[in-house]
Each structure stands twice: as structure tokens, then as C-alpha cells.
Amino acid sequence: MELAELAVKKALDFGATEAEAYVQKVKRLWIEFADKIDSFKIIESMGMGLRVAVNKKLAIHSTSILSEKEVEEAAEKTVKIAKVAPEDPYWRHLNKEFGKSPAQGYFDDKLEAIEYSEIIEKLSVAIDKMKEYDNRVKPTRGMLMASISNTTILSSYGERNERKETHLTAWMRAKAEEHGEKSTGTEHCEVRFWNEMNLEEMAVRAAEKAVKFLKAKPIESGKLPVIVRNQVFASILGVILSGPINADWVQKGRSPLSNKLGMQVAAQNINIFDDGTLRGGWRTRPFDDEGHPTQKTTVIGNGILKNYLYDSYTALKDNAESTGNAFRSQYWMPPQPQPTNLALEPGNVSLKEMIQETKRGIFIDETIGEWLSNPVSGNLSATITHGYLIENGELTKPIKGVVISGNFYEILKDGIELIGNDLRNYMQNYAPTVKLKEITIAGK
Amino acid sequence: MEIEGEMEKIVKKAVDLGVSQVDVRYQQYDYELITVENKTLKSYSSRRLSGLGIKVALNGSVGYASTCDLNYASLEKTLENAIKAAKSIKKEEKHMVEAKVSQIEMKSPYKIDPIDVAPEEKVSAALDANKAAWIDEKIKSAITRLGISKDYRIFISSEGSKVATETTMIGMAHESVAKSNGIMERVPYQESKCAGYEFIESMDLNSFAADISALAVDAVKSKTPPAGTYAVVVDQNVIGLLLHEAFGHASEGDLVSTRESVLYGKIGSQVASEHVTIIDEGIIEGGYFYPFDDEGVKKEKTVVVENGILKSYLHDKTSAYQFNVASTGNGRAQDFENLPIVRQTNYYMKPGDYKFEELIEDVDFGIYIRGKGGGGGQVEVGMGTFTFGVGPSKIMKNGELTETVRGVVISGFILETLKTIDAVGKDLTVRTSIFGGCGKMGQTVRVGFGGPHVRVRKMTVGGR
């Protein structure tokens, strides 16, 4: 008997009324580098999260020790905790029916079979490109991670689903130095296929950016229009909206979007989707972490709030259908509703056109601290580390060290002037470049 | 312990295979998290993680492999993987200093083992705290978490070191969300300690959550501050965060050796005002217990800045080699799946001699920046830019605290901001957290930070 099956069976034997085992095996290759490759790690990990219900009492316990003895003990411990837990009055049952969507582009056969030397070679070439770009530039830090994971979910309702996924991320930073002035340029990408990872291009762009920012300075405080680069806006979108559109936040009174279904929460040209079937998307997969099929859900359509994102628990509580958004950040954590791939639908304006039609403003290329924005109040803040002043339709001076702030919900309603055509992702968040009418800048 | 024998066999085998240096690290990590939302138990999760990682140095290159499967055949395969990884990058040169050989076992002190406390008792403590949060009809949501961890690590190296450490930690976190006139605000806060369940028993669970709710209610009624650059007084939480983000990361030897950090080449120079002395220390009251690092090196007290002069960077064995100094015991790994890199331990500012009233009395207009309810921070060490979100704060006018402001974000440049510190308080507090940690290169580790109240003459404050 496989261990997941054993865990479920033992949980029932110890007195559970329902049980679900979630087993994950992951192999990760992890390379750290600076101006040369520093280290290469091969990490093989596995673990099982066991969720049990004793009527309306719940517990989850996990272990990375996958032996029969430990699995039995884990089942016993989980049931023991559940028995003494207070009842959850809203608990009905685990997801009873598993299924699969026709999602594509979440597993790379080539990565599974790749020779390590190919990865090292491609990365070494990229590092050299960065060094050769300009003698003021030095690669200072970076990492490349590739993972192959295998997830099995099995429940006491006799259901079982299994999926294999690949994920690749790379991140690298160049530093430029001249006459005591220092600057950096950083690039990152998150993809599902080895062939989609263009390390050379990233290296050159990071180097180019570092050189351009040698003379960057803060500007005066004030209010200006800003153009926010796609990956930066994607990150902000995820930080602010992931929680408030989550049915759990709505049910618990934590979401500013509670009681707003069917209402205008954004300008008419704003469409935001959650799409677990997006081809090659960062969180694309055929079923969620409770075995429910993934789907495409309209969150905001023509500015109107259409749907919240559900897992089976929150759906049963609202008498709604799960939207296939159950997500376990790690195998040992309980599933919660979370976006799969959250996307702001692109428009048709190019970045070039956006810059050309701006008399005075800022193009924001990179920020830090945007994750400090507050999804509950909508307070948006980020520190620009790499921005350009736009004067009469052209990028002029590089800018650093100014803080932007505004309210994201107000921006959604009437703050977005233009929506770009260049959709890109920061992990599971997707957005095109956007131009905001005006935002507060705290500077000198 | 049985595993120690297996680890020693792996070390011997690696040496036999021609590996010049090998570190074997075992870890067993137990963790429990109880979450109560709106007076109901949301989840009780517990976790046991154990495994082993092997680091090999071979012809100057480093390979690493880890596994959760602890039977000996799997450990041998893991060693092969580590060697294979090292060989795949064989052209590189990598050197490390030697560590002083230590053979020791150390445990953080506690009275009541929190893992052994009955689950229902822990659940009821979290429920009690949560129920006390509903002080006002403006409170719309309240989340309480009780966290417990026990981190046991064994380090055995071919140099002859054998170090075992155990750190037991516990804490409670709470977040209240308040809504008033269509505006929502949330205030999170937590208290943790390297201790046992006696820490929870000593807490006043009623006032813990009620105070956080009161702050949320106060904040939701308040405005955001005017954007600009001001004089500020920061509290102990914020100075800790500020030093950790704004200076600590830039002082990490690996970031300095690649010249990524703005502190490169600054040893012996003035990097902060003369009032500033900064220390990194492995064991301090209120902080995270970290007596030895993950390279088997004792974490000594490191004076990073003394009276404004940069004295030392933080080092692991690799960065120490590059600077021709000894490791300061800052080679830390999140867990057995990760290689140690240079990390802070408990990073704090040494107290001065000002009273709080003296710090604010000559500020005409500024902000008293408070950490409670804040959200953390980030730094870009190359450009020297830092930023972080703090809690509801107070406007200072003519030497007095006036109205509350919310949504405060502060930002500055590492080498400029600390030079504008002109007064340092006497009230040192160091804190740690079981709920969060510090992230770098994909690894999160627990840290401690703090300091006294400090006056900073120029800080950029983002508002609306």
C-alpha cells in the first residue's frame, strides 16, 4: 500500500470521519553566482500533509519522514489533535469529487532530462556577457533555480489526482561603478520551460540598466503622472488584490471588496481574470490543491466585480461552486483560496507611445517595498530604485530613492490613463505596463 | 544519537573519496501553528521536518545536496550528488578560512516544553486572546496565531567539529481590522521569545489583543502624513528594523566582497554619526538564540560600527577568506536544504543617554515613528536605498506628540540617514519573531533586532 493511502486508512481507523493526504516530492537544482558560479545544490525533498476531520473538528499534521511507522504515528497524532479541537460550525466536508481541466504548459520534459553541464554552460555565457558589456560593470549576485515536483492528492472519498510540474526562476544583478558613483541593475524571470529562460538577454539588460543609473538622483516631492513597467505593476496587483478577492477574506470581514459583487469597483476598461489554465502560466495546473479542476474566472469585468475566488470550504459556506483556487503554499500548510494566475487584461498602447505622449512624468522600471502596500486600506507605496524622468515625451534623467504613494482602489476607479500591450509576469501575477494619471512622490 | 554515527561515516567516506572538506548537517524541526479567526479555530497545523545536507569542497568548487530520506543508502547517494554538483562547476576557485574546532552541545533555556503542552490548552489560549479583540463595533476581523518551534541541528565536519544546538521558540501574533466611514485599516503585531510555554502563561492575553484593536480603531480614524523629508524619532522596533534593513544587509560580507554593497571599502570610515554603535551578537535577552552558526563557528559579539566608524563586516568562512579575517560566525542556513550564507543574528544599536522626552523636546515638526502595526522592510544594498512600512505613528509639533497618522512609509539612503542621527535614547529593547524572519537569496532565517529610541534629523516619509 502506498504511504498516502496508508495515512488515509489509518486516520479512519483512529476515528477520523474524513481524511485527505497530500504528498509532494520535489527535486530542485539551485545555482548561486556572482562574477562566477559560487555553488550548485541538488535538493531532494518530500513530505506529506494529512488533513483530517472528526465530524466538524479539524486538524492538519505533516511529516517529512516517509516511513510506515512515522506515517501511522502522524495519522494518530492528527486525529488526536482533531478530537480535542473546538468544532468548526461551518465545516461540511472535504472536496468529494476530483477532476482535471485541460490546462497546458506546466511540465517541461526537457528539464527533467537535462544535463547539468548544459545549465552551467548557458549560465556561464550569460555571466560573461554581463562582464563584457562595459568595463564599469560587474555581476554581483544571482541565482537560478529549477524545480521538478510531483504532487499526489488522495482522499477518503476514494478520489485521487496526480500532477507533475516544472518551475524555473532566475534573478541577477549587475553593479556599475565610476568615479565613486555606484549603481545596480536587476533582472528576474519566472517561467515553466527551460527554453523560455533567456539568461543572456537578462544579463545584458541588467548591465545596461546599471550603467544608465550611475548618475541617478532623487527628485523634488510633488505629484506627477507615472508609467509603471509591467512586472512592477504585476507585483503591485498581486500584493493588493490577492487577499481582497479571496472568499475567505470576504467571509471574515477583512476584504474591502465585501458586499460589492455586481458593483462598479474599477473603470469600465478594466478586466481582471484569474486563470488556472493559462498556457505556461506560473501557477497553471490541471487541478487545485484539493483535487478540484482549475478554471478561468472573471474577477473584474468591464470594471464590475464579478466573482470571488473559492476553495471548497469557502464555497460550501456560501453555497457556491469552488473556482478551483485551493492552494497550499507548502505541503504542510492547510489549503486556502489564492489566485492561480491573476492577470490584468492588456490594452493596445505600446510603452513607446506612452512615453511619447507624456510631457512630464516618471517611468518606473524597478521598485522595492511595494509588498508593504496595504491590501485592506488600499494604501499603495513603493520606493523607486530605478526610474526615469520623462520630459516632453522622452526619458531624460535617471531617478532613485523617491517614494510613490496612492490608493490602489481609487487608481482602479479613475487613476489609470493607459493600458499597455506588453503582458508580463512577476510569479503568478500578470500585468501590462500602465500609465497612471497622477501619483504622490515623496522626494528631496 | 544514531544519526551522529551515520554522519561520521559519511564524513569519513567523503574524505576517502578525495573531498578536501566536508560538512554534514542534520536537522529536526518541529513546528506548530494554531490560527484563530473571528473567535473560531481556523486551523491547527503541526509539522515535523527532518533531513540531512552535505557540503563538499572539491578542487576549489563547492557542491551541495540534501535529502529527507535518512537511511544510509540514501545518504551515500546524497554524497554522490554533492560531489557531482561540485564537479559540474570544476573550473571555479573557491576558498574558505578554517574554523576553530568546537565540540559542544547548547540549548536555549525553557521551563515548560511547548510541544508537550496539551493541544486543547494551546487552542484555548489563542481563543481567549482573540475574544478579547472585539472591543468596538468598528472591529471587523481579528486573527490570532500561536506559534511554537523547536529547531535541533547537528553539525559535523571533516575539520573535527561537532556542534549540536537546540532552539525552542514560542510566540503569539494578532491582527485586528477596523472599519469606519468606508475606510479599513489593519494593525498586526506579535510577541515572541526563545522560551517555553511559560512565556504564554506570563502574557496578559486580554490586553494583548485589545491593545492592538484599540490601535486599529485609532488608526482608521486618522489621516496619512504629508509626504516629504522630516525630523523623526523612531521607537525601539523601528530602529531595529532600520538597522537590520538599512545597514545590516549592507554589512554582510558576501554582499561586500562582490562590491555589491555600498559599504565596500569603508572600513575605518565614518558611516554614521558619532552617536551610533552597532552590534551583532548571538545570544542576547529578547533576541534569537544562536550560539553557533551552520559552519560550526561560534557566534561572537561583533562590533560592526563604533561611534560612527565602520569596524567590521559580518562573515561566514567564505567571505572571511576574501577579507583575510576570521569568520564572525554569521554563516547561516534556513534549514538542511540550504547552504549557509552570511546573515545577521541579533543586530542592534547600543543605547545612549537620552530620555524619551529629551529626544522629542526640540523637534518643531516631525513624526514619532512607531513600529507596532508595521509591515517590515526592504533594502537595495547596491544603490543604498531602503524602505519600510511602520505602524500608526504620531505627529510631533513643538516638542509634543499630537495626532495619529496611518499608512506611514519611510525611506532613505544607507550612508546618509544614519549620519543624521543626533541623539540616542537609553531604553534598549531587542525583539525576535517566530512568525517571520529575514529573507535573502530565497532563504528565511530568524533574527533579532532592536535598539533604543533614536532621533533622526532627515527621513523621507511617504504619504499622500
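Residues are numbered from 1 along each chain as its sequence is written, and chains are lettered from A and ligands numbered from 1 in the order of writing. Because the model is predicted, local features need pLDDT of at least 70 and side-chain atom pairs count only at pLDDT 80 or more, whereas totals for chains, interfaces and linings use all residues.

Chain A is divided into domain 1 (3–211) and domain 2 (212–237 + 346–442), with bounds that come from an automatic or database domain assignment. The C-alpha centres of domain 1 and domain 2 of chain A are 30 Å apart. Eleven residues of domain 1 of chain A and nine residues of domain 2 of chain A take part in the contact, two residues being in contact if their C-beta atoms, placed from the backbone, lie within 7 Å. On the domain 1 side of this contact, strand 5 (160–178), strand 6 (181–191) and helix 5 (199–212) of chain A each supply at least two residues; helices (H or I, at least four residues) and strands (E, at least two) are DSSP runs numbered from the N terminus. Strand 6 of chain A provides the largest share, five residues. That side comprises three nonpolar, three polar and five charged residues. In this classification, Ala, Val, Leu, Ile, Met, Phe, Trp, Tyr, Cys and Pro count as nonpolar, Asp, Glu, Lys and Arg as charged, and the others, Gly among them, as polar.

In chain B, the assignment gives domain 1 (2–220) and domain 2 (228–462), and 22 Å separate their centres, taken over C-alpha atoms. Here 42 residues of domain 1 of chain B are in contact with 29 residues of domain 2 of chain B. The largest share of the domain 1 side, seven residues, comes from strand 6 of chain B. By class, the domain 1 side in chain B holds 19 nonpolar, 16 polar and seven charged residues.

The contact between the chains takes 63 residues from chain A and 68 residues from chain B. Strand 2 (residues 37–54) of chain A gives the most to the chain A side, with eleven residues. The chain A side consists of 25 nonpolar, 23 polar and 15 charged residues. Strand 3 (residues 57–63) of chain A pairs with strand 2 of chain B in the parallel sense over four bridges, pairing being assigned if DSSP finds at least two bridges between two strands. A:I60 stands opposite B:S45 in strand 2 of chain B.

Chain B also contains an open sheet of six strands with mixed pairing, in the order 11-10-9-14-25-22. Strand 11 (309–310) and strand 22 (429–432) of chain B stand at the edges with a single partner strand each, so one side of each is left without a neighbour in the sheet. Strand 9 (residues 278–281) and strand 14 (residues 346–349) of chain B run antiparallel and are joined by four bridges, with B:I278 opposite B:M349.

Most residues other than glycine have a negative phi. A:N319, although not a glycine, has a positive phi of about 50°. A:N319 is placed in the loop between helix 8 (312–318) and strand 11 (326–327) of chain A. A:N319 counts as exposed because it has 6 C-beta neighbours inside 10 Å. B:R259, also not a glycine, has a positive phi of about 65° and lies in the loop between helix 7 (253–257) and strand 9 of chain B. With 17 C-beta neighbours inside 10 Å, B:R259 counts as partly exposed. A residue is buried if 20 or more other C-beta atoms, placed from the backbone, lie within 10 Å of its own, exposed if 12 or fewer, and partly exposed in between.
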